[in-house]
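Student: Please take a close look at one part of this model, the place where the two chains meet. What builds that contact, and how are the copies arranged about it?

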Number of protein chains: 2
Amino acid sequence: MASFSDIGTAAAINILSAIAFLVAFAILRLQPFNDRVYFPKWYLKGIRGTPTHSGAFVNKFVNLDCRTYLRFLNWMPAALRMPEPELIDHAGLDSAVYIRIYLLGLKLFVPVALLAFAVLVPVNWTGDSLERTRNLTFSVIDKLSISNVSSGSKRFWAHLVMAYIFTFWAFFVLYKEYKRITNLRLHFLASENRRPDQFTVLVRNIPPDPDESVSEHVEHFFCVNHPDHYLTHQVVRNANALAKLVEKKKGLNNRLNYYQNKYDRNPSKKPTTKKGFLGLWGETVDAIDYYTLEIETLSKEEATERERVLNDPKAIVPAAFVSFKSRWAAAVCAQTQQSSNPTIWLTEWAPEPRDVYWTNLSIPFVELSIRRLIMAVAVFFLTFFFMFPILLVQSIANIEGIEKVFPFLKVLIEKKVIKSVVQGFLPGIVLKIFLILLPTILMTMSKIEGYTSLSSLERRSAEKYHLFIIVNVFLGSIVTGTAFEQLKKFLHQSATEIPKTVGVSIPMKATFFITYIMVDGWAGIAGEILRLIPLIIFHLKNAFLVKTEKDREQAMDPGHLDFASSEPRIQLYFLLGLVYSVVTPILLPFIIVFFGFAYLVFRHQIINVYDQKYESAAAFWPDVHRRLIIGMIISQLLLIGLMSTTGAVLSTPFLLVLPILTITFHRFCKGRFEAAFVKFPLQEAMVRDTLERATDPNFNLKSYLQDAFIHPVFNGGEIDRPLAFDQEENNPLVLTKRNSRRNTPSQSKHGSEIGSEAGPQ
Amino acid sequence: MASFSDIGTAAAINILSAIAFLVAFAILRLQPFNDRVYFPKWYLKGIRGTPTHSGAFVNKFVNLDCRTYLRFLNWMPAALRMPEPELIDHAGLDSAVYIRIYLLGLKLFVPVALLAFAVLVPVNWTGDSLERTRNLTFSVIDKLSISNVSSGSKRFWAHLVMAYIFTFWAFFVLYKEYKRITNLRLHFLASENRRPDQFTVLVRNIPPDPDESVSEHVEHFFCVNHPDHYLTHQVVRNANALAKLVEKKKGLNNRLNYYQNKYDRNPSKKPTTKKGFLGLWGETVDAIDYYTLEIETLSKEEATERERVLNDPKAIVPAAFVSFKSRWAAAVCAQTQQSSNPTIWLTEWAPEPRDVYWTNLSIPFVELSIRRLIMAVAVFFLTFFFMFPILLVQSIANIEGIEKVFPFLKVLIEKKVIKSVVQGFLPGIVLKIFLILLPTILMTMSKIEGYTSLSSLERRSAEKYHLFIIVNVFLGSIVTGTAFEQLKKFLHQSATEIPKTVGVSIPMKATFFITYIMVDGWAGIAGEILRLIPLIIFHLKNAFLVKTEKDREQAMDPGHLDFASSEPRIQLYFLLGLVYSVVTPILLPFIIVFFGFAYLVFRHQIINVYDQKYESAAAFWPDVHRRLIIGMIISQLLLIGLMSTTGAVLSTPFLLVLPILTITFHRFCKGRFEAAFVKFPLQEAMVRDTLERATDPNFNLKSYLQDAFIHPVFNGGEIDRPLAFDQEENNPLVLTKRNSRRNTPSQSKHGSEIGSEAGPQ
């Protein structure tokens, strides 16, 4: 078991690396030539342009103004300054709600930590269980944990009461948050401007008709069944092959640009390339000519394919976007069943045009069932047989294990400092590396499951990832051994035995998780703000590929919040906090620092960097809430297990009430709030329809919707964003902040903040 | 363990009692004075009247025509003769689908039994496991079961393959049946005549409004949010107190009738009664005067209360029946969310007016959550602590136990015949008596849960009862001990250990379940057709209370299919059949006889006797299907447990595939069919609206719906049945069979069958 000084060393290392990252960030972001890496959001919004001032040439690349360096931590208060409504307006509701998860962590754990330190730490500290068992070595952390309370002691009542208080506090915080986010969502949806998806329903599994084309069939069906409301529809074309061609052409274009830039800079030597794979072997040819020719061929191919997709009736898949005359009618159609056969004419709210996952629109019902079965089995195997990485981590984390495997390392490892480093640092980082590989696999699995929007794909992936983290990271770290071994063990244990086995090990693993929090949480978040990889890639692209200002625009990679992989990781921190709040409260400050720091960093990132691919209006919150509830129930069951092994068996019935209450609370919240995330109430729709009819009676909705839902390859990859903007700005009735900000940037808080701080404009 | 001759005795007793019941039935039903007990359905339909022919006086009471007695089993083919469409028309879809459950049992188990007897019985019989273990006594039944296959034998592959074949056969049968019933339901709904509930939505949790009454608030809300479709609405008044008064008055009226009849028959003596409880003590008064006065007082009280309920705005509960101009609009409103707060303005399909459970219409959302939590806990305790009855059964079923408790009975019990009787007969019947008490308790619990229609109340009660039966009857009989002890045991066993413990005991309990099937199934069903209790009550009423023809009409108690208590019991037979199909196939014929006999009896009953209280158009089928799936999964898990203890450990992975397949099959069926039972497709609604608009353009829907949903006390307890009849018969476009049958009864198959056989008309 790691001692207190191990933890100290680990903390020092992680704090130092976090500070190093922050300093690097502070310096790098002040350099104008990094501007597009650290402030892409403002470029995309059109508020910030490439520095074009008349100062010295060197100023264009390096910031020589020393005063700005003195204020290098200024971004922190700046990140907090933007008020939430403006943040929602600026970065979208998804992002704004996402960072509220971190805030929720603070709201939940700060009072819990205060109370735990006031009550439980003294109770544990004055216990004498560990001192009495002489032959056991123990650290300060163990002395602060529940292990130090002797078996059967009356002191356990303190833990019991605290468990209740913490649970009720969690109920209160979670309820408030769910309510707040529901209101934010409803308000966001209500104040949104006209958007195509408000009037549109995605219809899938259109049955084949021998006499009519898909388009005619859709039109007839909705003309008959929604006679007063049907407006228009767009069929979906299978443009997957075309999209591949376009993607390929883009790659070739990049290469052509690269060689042309090379040639421009050094006109004496014509660049050459080889014809084979990745230009590594094959016949040597003139690179520019070769790629120009290749692109020409591909362009022709693309044109043929485009022609085919647009004209071939076989390219039309049995799905369509059907638009209605009013939001009310769309809400009605999305929520009702159309045909007596519930597997055809399936209707659902159309996702935002940007959010549509086009590849999955045409999967038949039976195939969908089979796909989901196969994926469920696959997730099970992935979760329980992804064991080798954890096995590795476990053996490395064990210093004696290393000595056994590599006896020659013994001298080195036995040195105190190195031992601390190995023991404090390695387990976390190895685990982390393995976890990085996972989200892509899970996303692919979700895609196979056939969800039709990017947002639902991310939500499904997050669910799988969460399961994986609970089994492999949380349980895997507590109960040593691979997930498969655990499963076997659990299957051969009784239902009451499992929480005991796991619960008993919990106090002993506190130090491991503290290190994990520092590596993954603290240093990881500091690494996030540095954006090292995007920074390098941007400069590489800038050096080799960029020719025009537009290229530079495209070379920017603002990135985005990756819900599918980062939210389940936050859930792990919540789970750790909940589990250890009663057992080893000393862990809580580490979690609180993580939540606070992460909140700060991500708030900065969503203001200045990230550009979300779509906006789902916080549709993920019910998932977040559910996973928090799962965390609470796990923590309660483990506490029951732990308590029943410490001679406080009497506590079991008292503690058993907690999971029942938690489930009830969840059901109540679900009934009270979830509908707001799934359905669209008719009353709201009617209010907005009426309002719009009054303010804009002559608006031509049909032409507005005509091309709203079209595969991105047909309009050059840029979907409707400009449309939405124009809409907003041309609407004379709604004054947008964005508009006024653009005209007077220096008056806007953030315009000014960034202007004064970041660049010597 | 009971021997084969015990079973034989039990079978003989049960077959004899079943035959006795049948003979009694055959004789009793031919007596004209029992006509209203055995053919009430036809009286209610108005097709049959009290025999008024001019024959001898005695003919009115006793059937002296010997020929009819010779054909005393004629009711059996007669019950089968009515074709299904006519049956649906005659008895309603609920009843017709209900008896299809028995038919499903036959379809499922007859081929399974044939195959099991062809393959498994020889395999088991030629095993030698039991003969080798000399010290064990065993019966023929054991020799036919899986216990006779020696441990680790290759013969287990036969059982494994059979388990697969049976599962796939069950999938096939269940899928076909679900499909058929979905079609029946859709067809039934489509061919139904105009009914008020097609146009109406039940709105609950109407938020209070300080400025408007409930009625105004409803009208405004729906005028705004369904402007083109809203037609009218009816508020719901809290008439529970009034209903009680009416009920009380009815009781007093009965007594008055009783004394008046007494006085009429014996005018010499004025009947007297006592004022106290049940007329047992207190001041003696003239009965007729006393009750006349009482009724008068009560009538006044009732009038005042009626006045109050009708005029007091406080008597209006926050619920209403809102009607729309078309079925389409009602379908839309029922399926969509109205307000952004999902706990107010809750809409759902209005139940049939007869089906409404008025008391529960006004429960607020939060209270509903709490009620359901409390009831969930209550069901748990009821299920697991309802132990004493089972304990008793278990100790009685054990002949040695009786001898120990009552040593003086030893001489008696040791006699072979009596021993067989006790061992074969008692366990079943004691269990049965306890089970009779249960449905009422469960129904009360469901009522507390706040469901708003009788049909949903029955479905919920059935769910609870099913849980109870699985835990207490099935598991309780297999694993000896009370449910609570089992729970404790299971909690301390591993997940893989539980199926083993239960599985091992299964073959040993085959004889017990065979007796149970004979007592509960065979004799029970024969008792059902005899209708002994309704027979006695009818004749008592007839003797003391009946004065007019209308009184006689009311004295009839046709009864009805009690879904809540009888469906879960059928499920037990399915479960037994599924569990024993592989283990002890000898049990299957007993189950097949039960299903066949029950099908016959209940088909007879729904044709001639039962009068359903409401029609839910087979809304219960998804529940039946789900419980069948649960039965399949239980049987598969137990088979895994059993096989893993017989040395056939290798079979576990093969068998583990079965529950996964079963769950997938269930999800597929759910997706494919369930919507037809929950939602009302817009396409169907539109077709019917259009048709109706074309055929009957001037129909005044508003006046038709005006008083459709009104508490039964306001229209004398008779809800809308006459309305529906009139509707149907006055509609010139639809020719009803019923109409023609009434005019020419002798031409209708059943009219003639009954006429020729039952009465000397």
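Tutor: Two residues are in contact if their C-beta atoms, placed from the backbone, lie within 7 Å. This is a predicted model, in which local features need pLDDT of at least 70 and side-chain atom pairs count only at pLDDT 80 or more, while totals for chains, interfaces and linings use all residues. Residues are numbered from 1 along each chain as its sequence is written, and chains are lettered from A and ligands numbered from 1 in the order in which they are written.

The contact draws 35 residues from chain B and 35 residues from chain A. On the side of chain B that touches chain A, the elements giving two or more residues are helix 11 (214-225), helix 14 (327-335), helix 15 (365-385), helix 29 (651-678) and helix 30 (682-695) of chain B; helices here are DSSP runs of H or I with at least four residues, numbered from the N terminus. Helix 29 of chain B supplies the largest share of that side, 7 residues. By class, this side of chain B has 15 nonpolar, 16 polar and 4 charged residues, where Ala, Val, Leu, Ile, Met, Phe, Trp, Tyr, Cys and Pro count as nonpolar, Asp, Glu, Lys and Arg as charged, and the others, Gly among them, as polar.

As to arrangement, chain B superposes on chain A by a rotation of 180° with 0.0 Å of shift along its axis (RMSD 0.1 Å), fitted by least squares on the C-alpha atoms of residues with pLDDT of at least 70 in both. The two copies are therefore related as by a two-fold rotation axis. Because 100% of the interface residues of chain B are also interface residues in chain A, the copies meet through the same surface.
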